[in-house]
Amino acid sequence: MGKKLEGNGFWESSRIIIPEHREGILRLMKEEQRRSKPELDDQEMNLIERALIDSYNRRTEVTISVFDPFDDTTITGVVTSINTSRREVKLSRGEDDYSWIKLEDIISVNS
């Protein structure tokens, strides 16, 4: 009990955190883990576009890595539609399972 009363021990042992402060601290810690989007050069963008067009023409499966500020996601499927005006591709994983992916969010494509 003697150590508790030395220095700042009394206040340190009786400190509590209200839920709002705890949520704020957790949000701040998560925000510190945010990453910036990698810059792709023209050659890399051409390779990505070529792989997407090849998947569209041949109906072959590709694996696309999509940028996320906290953790990249990978999606595997066949490119079934390319919308050039909106710069998006439609990736089908099954009959009724598909995703529209923006070209600017794609960081790599593997055939």
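Leaving aside residues up to four places away in sequence, Glu 88 touches Ser 81, Ile 82, Asn 83, Trp 100, Ile 101, Lys 102 and Leu 103, where contact means heavy atoms within 4.5 Å. This is a predicted model, in which local features need pLDDT of at least 70, side-chain atom pairs count only at pLDDT 80 or more, and totals for chains, interfaces and linings use all residues. Residues are numbered from 1 along each chain as its sequence is written, and side-chain values use heavy atoms, with hydrogens and water left out.

Glu 88 sits in strand E3, which covers residues 88-92; helices (H or I, at least four residues) and strands (E, at least two) are DSSP runs, numbered from the N terminus. Glu 88 counts as buried because its relative accessibility is 8%, the cut-off for buried being under 20% relative accessible area (exposed is over 50%, partly exposed in between; 1.4 Å probe, protein chains only). Its side chain still finds polar partners: Arg 86, side chain to side chain, at 2.3 Å, and the side chain of Lys 102 at 3.5 Å. A polar contact here is a pair of N or O atoms within 3.5 Å; within protein, one must be able to donate a hydrogen and the other to accept it, and residues adjacent in sequence count only if both atoms are side-chain atoms.

Over in strand E4 (residues 98-102) is Ser 99. With a relative accessible area of 17%, Ser 99 is buried too. Its side chain makes a polar contact of 3.0 Å with that of Arg 93. Not counting residues up to four places away in sequence, Ser 99 touches Val 89, Lys 90, Leu 91 and Arg 93.

Helix H2 is another story: zero of its 14 residues are buried, so H2 lies largely in the open.
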